[in-house]
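The sequence and coordinates are displayed first.

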Amino acid sequence: MPAVADACALLLPTLRCPMCRSHMLASFDAVTCGRCRHRWSRPREGYLDLRVPTWNPGARRWQERQDETCRYYESLKTRPEEAVEGFRSDLQSFAPVLAKYRGSVLDIGGGHGIARAFMSSGIDYVSVDPSIEWLTDDWDGLLDDFPCLATPLPFVQAYAEGLPFGDASFDGAICLWTLNHCADPALALREIGRVVRTGGRFLLVVEDGEPTWSELASGNGEHYLLRSRMHVMAAKVAKPVRGWPTQRDHVAIGNRALDQWTTGGFSLRRRWWVGCYLALEYERRP
C-alpha cells in the first residue's frame, strides 16, 4: 500500500471540527472536538477519518455516483500498466503548473497522492478524499513508475464540502477531476476558498467542461461524449433546452455556475483547455 504518514501528528495544529470549526484534541486512539465533543477514532494505519457524521449520501445521488467511480478504479488496479499510462497522460499536461506550487498544498480528491510526482519535493502535501480504497496494496504495481508513493502520505478521509481544517491553513490547493463528483460543488469551492491563504493559488480541472463560443472558434473545447467538433457546437446551441452533456456519474458544472461559485473568494488567473479537460487557475482574494 502507499506509505501513510501519521496525519494527526502532522496536521493537528490545522485540524478543525468539520461541523463547528473548533480546535481538535488528540489522544492515543481518537480525535475529539473541543467544543461539540464529537469523537473520531484514529485508525492504526495513520490516516484520519474526519467525515461529517450527518452527511447525506443520497444528496444528488452522491453515494451512487461515488460507488460507480470506485468500481472504475477497482478495475483499474488490476491493470497497472494501463493505470500508469492513464495517470501519467492526464497529469503530465499539468506538470508545469503543478511544479510551481510551494509550501503547504491540499489536494482535494487526491487519492494516493500521485500528483506529488509532478510537484516540488519540498512541498507539504496533504491528500483529502472520501475513499480509503486508495490506501490498499493493490496500487503497489505503480511504485516503480511513481516512486512518490513510497513517501509517507498525510491522508485525511473527508468530504470536500466539509474540510476539517482551519481558515487559511494552506498556501495552495489543487482539485483535479474531483468537483464533478461532489454533491454540492458550490459548497466545496467555498470550503477550498476558506482553507487557502490570501494570495494562494488554486488549480481546478473539470470534466464535461463547457467551452465558450470563442474557445470553440479557436479550436478548443473537446468533449469525450461527443464525436466531433460539429457535435460539440450542436450541443452548445441546444444547451438552453437540453442542458450540457454530462457523464452519468458527474454533476454538471457550467460556466455561469463556475463564475458564481468562485466570485466570492477567487480571482481567475488563467483558463485553458487540455484536450477535453477544462483547467482553471485561481488566486485567493483577501
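**Basis of the values**

This is a predicted model, in which local features need pLDDT of at least 70 and side-chain atom pairs count only at pLDDT 80 or more, while totals for chains, interfaces and linings use all residues. Residues are numbered from 1 along each chain as its sequence is written, and side-chain values use heavy atoms, with hydrogens and water left out.

**Salt bridges**

Side chains of opposite charge can pair when their charged atoms come close. Here a salt bridge is a side-chain nitrogen of Lys or Arg within 4 Å of a carboxyl oxygen of Asp or Glu. A search of the whole structure finds 19 salt bridges.

| Pair | N to O distance | Sequence separation |
|---|---|---|
| R42 and D6 | 3.3 Å | 36 residues |
| R248 and E68 | 3.0 Å | 180 residues |
| K239 and E210 | 3.0 Å | 29 residues |

The locations of these residues are given by secondary structure elements, where helices (H or I, at least four residues) and strands (E, at least two) are DSSP runs numbered from the N terminus. Accessibility is classed by relative accessible area: buried is under 20%, exposed is over 50%, and partly exposed is in between, with a 1.4 Å probe and protein chains only.

R42 forms a salt bridge with D6. The pair links distant parts of the chain, with R42 in the loop between β3 (39-41) and β4 (48-49) and D6 in the segment before α1 (7-11). R42 is partly exposed, at a relative accessible area of 22%, and D6 is also partly exposed, at 35%.

The side chains of R248 and E68 likewise meet in a salt bridge. This pair, too, links distant parts of the chain: R248 belongs to the loop between α7 (229-242) and α8 (255-262), and E68 to helix α2 (residues 62-77). R248 counts as exposed, at 58% relative accessibility.

K239 forms a salt bridge with E210. K239 lies in helix α7 and E210 in the loop between β9 (196-206) and α6 (213-217), so the pair ties together parts that are 29 residues apart in sequence. K239 is partly exposed, with a relative accessible area of 28%, whereas E210 is buried, with a value of 6%.

Beyond these pairs, salt bridges also link R21, D167, E191 and R194 in a network.

**The sheet of β1, β2 and β3**

Two strands pair if DSSP finds at least two bridges between them. Three strands form an open sheet in the order β1-β2-β3, with antiparallel pairing. β1 (24-26) and β3 stand at the edges with a single partner strand each, so one side of each is left without a neighbour in the sheet. From one strand to the next, the twist averages 20 degrees; axes are lines fitted to C-alpha atoms, for helices over the stretch in contact, and angles run from 0 to 180 degrees between N-to-C directions.

β1 and strand β2 (residues 30-33) are joined by three bridges, and A26 has V31 in β2 as its bridge partner. These two strands form a hairpin with three residues between them. Three bridges also join β2 to β3, and A30 stands opposite S41 in β3. The hairpin of β2 and β3 has five residues between the strands, and R37 takes a positive phi near 65 degrees there.

In a regular strand the side chains alternate between the two faces of the sheet. Both faces of β2 are covered, with A30 and T32 buried on one side and V31 and C33 buried on the other.

**The parallel strands**

Strand β5 (residues 104-108) and β6 pair in the parallel sense over five bridges, and the bridge partner of D107 in β6 is S127. Strand β6 (residues 124-129) is mostly covered, five of its six residues being buried. Three bridges join β6 to strand β7 (residues 155-157), and these two run parallel. In β7, Q157 is the bridge partner of D129.

**A loop glycine**

G219 is found in the loop between α6 and α7. G219 is partly exposed, with a relative accessible area of 42%. G219 and R229 are ten residues apart in sequence, and their C-alpha atoms are 8.5 Å apart in space.
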